[in-house]
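Thanks for asking me to look this one over. My notes are below as numbered points, to be read with the structure at hand.

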Amino acid sequence: MTQQSNISKDVNELLILACLRDGPAHGYEIALAVERDSRGAFAFQHGTLYPILHRLEKGRLIRGRWDEEGRRRKIYELTAKGSAHLEGASKEMKTLFLDLIRILEGPRHAHA
Amino acid sequence: MRTPESVLREFGDALDLPARRKVVLLRELRADLEGAISTLVTRGCSPRDAQMRALELLAPTVAAADSLSGLHRPPYVGMAHRLPGRLVRVLEWGSIGGLAVVGGISPILGLRRISDLPPWAAGMLGCVILMVIGHLSWNAFRLFVRQDTNAAVLARAGETQAGLIALTLAVGTMVVALQAYGLFGSWADGRSPDPTLLVESVLIGTATAAVVLGTTILGVVGAVVLLQSFLSIRDTERELARLLGLLKPSERFDADP
């Protein structure tokens with residue numbers, strides 16, 4: 001169960017980091033982009049985005065600043081630390097999911 | 001039906017944080033809600049659907065608010081919550097009584113020298129002064145932690161300054177009384193002043209004057225800090241009220257800040 005929660009937490013964090021790889025974005029832009037790019041498979045419902053964003057900011061994986069143009073909005077960008085974390089964690093996640101798929105498909109598919 | 005204003009109010013209520021930190025989180029949510037609604041409308045949603053979708057996506061649940069409170073809560077807030085209320089109450093009443101005692105006995109003390117006081121009385125006086133200082137420090141700490149214009153907190157902060165001034169006055173009275181005794185006590189008996197007594201009075205007077213001066217400076221600086229805090233907190237509270245739509249209709253959600 002803990003492993004499941006950790007995977008979910010890691011996936012959410014990686015989705016945000018991957019979204020910010022394309023450039024700085026506001027919180028709502030991240031939420032809309034993740035939903036659009038995953039064609040609805042992933043969505044940050046009910047403000048679950050904010051605790052993750054703020055945790056990443058506290059861990060210095062992303063940096064938040066106030067955009068002073070027009071209305072004051074908080075904009076987030078990826079830091080060098082966040083970029084390195086994204087790269088490493090993406091590889092780990094890929095390995096994990098490939099292992100999972102191999103198990104789900106069974107030994108016959110694995111050897112095919 | 002939920003609206004951005006009601007969501008902001010619920011979120012504000014759910015956040016267990018000092019006002020200044022609350023404002024930052026509310027400001028971010030409010031700006032994001034506006035941005036999301038505007039983007040969804042541009043993509044072809046009706047304003048009503050855009051609002052519903054934006055709220056569904058971004059309006060934080062109580063669990064999300066708790067999680068954010070945990071991330072942003074300053075460590076000293078937890079410490080203030082953990083202190084037992086009864087102990088604080090005893091300290092408060094004790095120090096109010098202490099202030100009265102210090103103010104009341106200081107002229108009487110002037111009729112004797114401090115060194116003539118029996119040990120129990122000197123100990124009691126020391127305890128009272130410690131209690132008063134403890135109480136004043138506690139109030140200042142609480143104002144710092146709460147950071148809001150709650151009437152009770154402000155009243156206690158005012159009490160802090162009043163306490164410092166009372167302490168200054170009480171110690172000042174002691175100085176005057178002791179010096180008067182040292183200088184004039186023996187003259188009243190028809191004898192010339194005892195030089196030892198005079199030196200002792202001057203020493204006691206100088207030491208006490210230093211305490212009075214220190215307390216006065218502390219009182220004045222404290223009053224200035226209190227005023228500054230009050231102005232800063234008032235601005236924060238006004239922004240909080242504006243964010244929560246508690247001000248005039250012109251300052252509600254749709255109005256520019």
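**Notes on the two chains**

1. Let me start with chain A, where 26% of the 112 residues count as buried. Please keep in mind throughout that this is a predicted model. Four helices and three strands make up the secondary structure of chain A, and their order along the sequence is α-β-α-α-β-β-α. If you take the contacts in chain A between residues at least 6 apart in sequence, 47% of them join residues at least 24 apart.

2. Chain B is built from helices: there are nine, with zero strands. Chain B has 257 residues, and 26% of them count as buried. For contacts in chain B with a separation of 6 or more, residues 24 or more positions apart account for 74%.

3. Now to where the chains meet. The contacts involve 19 residues of chain A and 18 residues of chain B. On the chain A side, the elements giving two or more residues are helix H2 (27–37), helix H3 (49–58) and strand S3 (73–78). Which of them gives the most to the side of chain A that touches chain B? That is H3(A), with five residues. By residue class, this side of chain A divides into six nonpolar, seven polar and six charged.

4. Helix H1 of chain B, residues 4–14, deserves a look in your viewer. Its buried residues are B:Pro4, B:Leu8, B:Phe11 and B:Gly12. Where do they sit around the axis of H1(B)? They are on the same side of H1(B), because the arc they cover around the axis is only 100 degrees.

5. My last point concerns B:Val41, which belongs to helix H2 (residues 19–42) of chain B. Is B:Val41 buried or partly exposed? It counts as partly exposed, because it has 15 C-beta neighbours inside 10 Å, whereas a buried residue needs 20 or more. Setting aside neighbours within four places in sequence, B:Val41 is in contact with B:Pro47 and B:Ala50.

Definitions and conventions
Residues are numbered from 1 along each chain as its sequence is written. Chains are lettered from A and ligands numbered from 1 in the order in which they are written. This is a predicted model: local features need pLDDT of at least 70, side-chain atom pairs count only at pLDDT 80 or more; totals for chains, interfaces and linings use all residues. A residue is buried if 20 or more other C-beta atoms lie within 10 Å of its own, exposed if 12 or fewer, and partly exposed in between; C-beta atoms are placed from the backbone. The arc is that of the directions from the helix axis to the C-beta atoms. Two residues are in contact if their C-beta atoms, placed from the backbone, lie within 7 Å. Ala, Val, Leu, Ile, Met, Phe, Trp, Tyr, Cys and Pro count as nonpolar, Asp, Glu, Lys and Arg as charged, and the others, Gly among them, as polar.
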